[in-house]
Amino acid sequence: MYLSEDCGAVYVREKGELRYVSADKNDAPQHRLFNRDFSFQLCIDTLPSASHTKRRGHFIFTYNKEGSLRYTVKSLFDISLQFIADHIEHVDSLVGFPEQMADKLFSAAEERHKFTESQTAPRALQVFCEAYGELVLKSLCLRNRYLLIPERLEEIRQFQSLESLDLYGCRLGDNHEIFKYITSEALASLVKLFIGANCLSDAGLQRLTAPVRVMKKGLENLQLLDLSENPITEKGLGYLTCFKALQKLDISGTNVTVNVSLKGFFRMKMRMVLSETPLKEFGHSDCNTEGWAEQVINQWEITASEVPKKDSKPRTNALRFYGREKFVRETLNSWSGTSATTNKDKVVPVHFYTVDLCGLSSTEEHNTHSSAVAAAHKGKKRRLSEEEQSSTPVAKRQSFSALSAEDLDLLNSY
């Protein structure tokens, strides 16, 4: 290699180091390749600026050990997944799409807030729920989240494969719109329902059971029901006989009086007995939100709780000025979820559960009077058979009366 006057400075890289080729090392030019305020912009194509920002997401920028900036292109899979997640509300269907890929797609859409924006959330959840059902959400716990339900009712309706639904303390009343969703065919798979402390009366219980009683659809697979702390009476309990699969029931804190006639009603009509100890299923320890959308529900609650905090500061200042802050806090806490839990602890538990009545009665009475029990059972069977024969026309009349004008009006509202 030689240097001539026609050529400029010549550099050679040896062992990763750049060296200036010259007979005299002092002749090396003392200038930087880039200025200190150097900046660059990656120009991919001639698309508009808005598209430029999206296209830059296809590259990963890193620094090597020497401090040089390097970039690599994302894989085709990641680019495709990102594109679909950005437009998930326009996807027709994901039926047949692999579950492993759908899980990653759901996470990518969640990062882009597709399930929190009101414009895209219902359609985005519908696409996933129609294809994967219980994988998206199997159990939903909205306990004491009364602020979340009216804001996210359209999104909640998209969960059509729930097995457990907890709406305790949500102040629903008798005519809330969510009851149309609960009694629809979309929740035919529902097994556990907690609707305690919702101001539900006998009229609301009649409305809740009307599709099952008349059309044999809705909550026909229900096995566990929590009706605690609702102003229901013995009349409302008569509507529960349509739940043939019901195994456990909580009527604590209601207007129902536990006496011999009530126990006889549950024993004869629903084959249930009063539990001597509280059932752990009604302690809400196992009730939680399970599925891909668990973090989505938590994000909904965060956004819903942030709304009323905007105007709280002037109010708080005024309360401090007049010295009524403690009084108002106690009043508000009486309606809060913490107060509801303490009141529930004071309520005497009244839990019924299904047992094999024939086996239970025979084992208990066999230990005392085996011969007398056998005769008593024969007499009971005769009386029961006579009562069933005499009550057949009454049952027929009840079946016809089930299609009353009041029930038909309820069914027309669904």
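## Contact between H3 and H4

In this predicted model, Glu 99, Ala 102, Leu 105 and Phe 106 of H3 are in contact (heavy atoms within 4.5 Å) with Leu 125, Phe 128 and Tyr 132 of H4. By class, this contact comprises six nonpolar residues, one charged residue and no polar ones; Ala, Val, Leu, Ile, Met, Phe, Trp, Tyr, Cys and Pro count as nonpolar, Asp, Glu, Lys and Arg as charged, and the others, Gly among them, as polar.

Helix H3 spans residues 99–111 and helix H4 residues 121–132, and the two pack at an angle of about 160 degrees with their axes 12 Å apart. The two helices are therefore roughly antiparallel to each other (angles over 145 degrees).

## The open sheet

Seven strands build an open sheet of mixed pairing, in the order E5-E6-E7-E8-E9-E11-E10; strands pair if DSSP finds at least two bridges between them. Strands E5 (139–141) and E10 (272–274) stand at the edges with a single partner strand each, so one side of each has no neighbour in the sheet. From one strand to the next, the twist averages 10 degrees.

Strands E6 (residues 164–166) and E7 (residues 192–194) pair in the parallel sense over three bridges. Leu 165 stands opposite Leu 193 in E7.

## Basis of the description

Residues are numbered from 1 along each chain as its sequence is written. Local features need pLDDT of at least 70, side-chain atom pairs count only at pLDDT 80 or more, totals for chains, interfaces and linings use all residues, and side-chain values use heavy atoms, leaving out hydrogens and water. Helices (H or I, at least four residues) and strands (E, at least two) are DSSP runs, numbered from the N terminus. Axes are lines fitted to C-alpha atoms, for helices over the stretch in contact, and angles run from 0 to 180 degrees between N-to-C directions.

Methods. Angles under 35 degrees count as roughly parallel, over 145 as roughly antiparallel, 65 to 115 as roughly perpendicular and the rest as oblique.
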